Amino acid sequence: MSKDYIEKRKGGYWVKDSRISLDSIVYAFKAGASPETIKHKFPLLRLEEIYGAITFYLANEKKVDDYLEEANTQLESTAAARRKQIQKAKPELIKRLKSAKQESEVTR
């Protein structure tokens with residue numbers, strides 16, 4: 001009997017019937033966290049669900065890694081666009097922030 005622990009919704013992967021993304025579990029797992037440690041970070045999940053999520057990741061590693069890479073690329077692109085937008089809209093503020101940062105680094 002097979003049980004599904006992961007569902008795809010809103011363009012991402014989620015632990016079924018939860019608001020916890022597969023991304024969260026995969027990043028913790030890749031950082032060396034054990035399923036039990038991940039359980040402490042996400043107490044709403046059962047250990048069975050965490051093992052199920054890790055199993056899903058390992059069975060679909062290339063697909064999930066590609067998804068994570070694409071999501072990170074989109075996030076970086078959005079952040080870069082926002083930075084440019086702020087720099088154009090508030091050049092004096094950016095200048096003051098850079099100056100304050102430089103002064104802070106000198107005083108260390």
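Buried residues in helix H3 (residues 47-59) are Glu49, Ile50, Gly52, Ala53, Ile54 and Tyr57. Buried means under 20% relative accessible area, with a 1.4 Å probe and protein chains only. They pack against S1, S2, H1, helix H2 (35-41) and H4. Contact means heavy atoms within 4.5 Å.

This is a predicted model: local features need pLDDT of at least 70, side-chain atom pairs count only at pLDDT 80 or more, and totals for chains, interfaces and linings use all residues. Residues are numbered from 1 along each chain as its sequence is written, and side-chain values use heavy atoms, leaving out hydrogens and water.

Helices (H or I, at least four residues) and strands (E, at least two) are DSSP runs numbered from the N terminus. H3 has 13 residues and reaches 18 Å from first C-alpha to last, close to the expected 18 Å. The expected span is 1.5 Å times one less than the number of residues.

The axes of H1 and H4 come within 12 Å and cross at roughly 105°. That makes H1 roughly perpendicular to H4, a term for angles of 65 to 115 degrees. Axes are lines fitted to C-alpha atoms over the stretch in contact, and angles run from 0 to 180 degrees between N-to-C directions.

| Helix | Residues | Contact residues |
|---|---|---|
| H1 | 22-30 | Leu22, Asp23, Val26, Tyr27, Lys30 |
| H4 | 61-89 | Val64, Asp65, Tyr67, Leu68, Asn72 |

Strands S1 (residues 6-9) and S2 (residues 12-15) run antiparallel, joined by 4 bridges. Pairing needs at least two DSSP bridges. Ile6 has Val15 as its bridge partner.

Note on methods
Angles under 35 degrees count as roughly parallel, over 145 as roughly antiparallel, 65 to 115 as roughly perpendicular and the rest as oblique. Buried means under 20% relative accessible area, exposed over 50%, partly exposed in between (1.4 Å probe, protein chains only).
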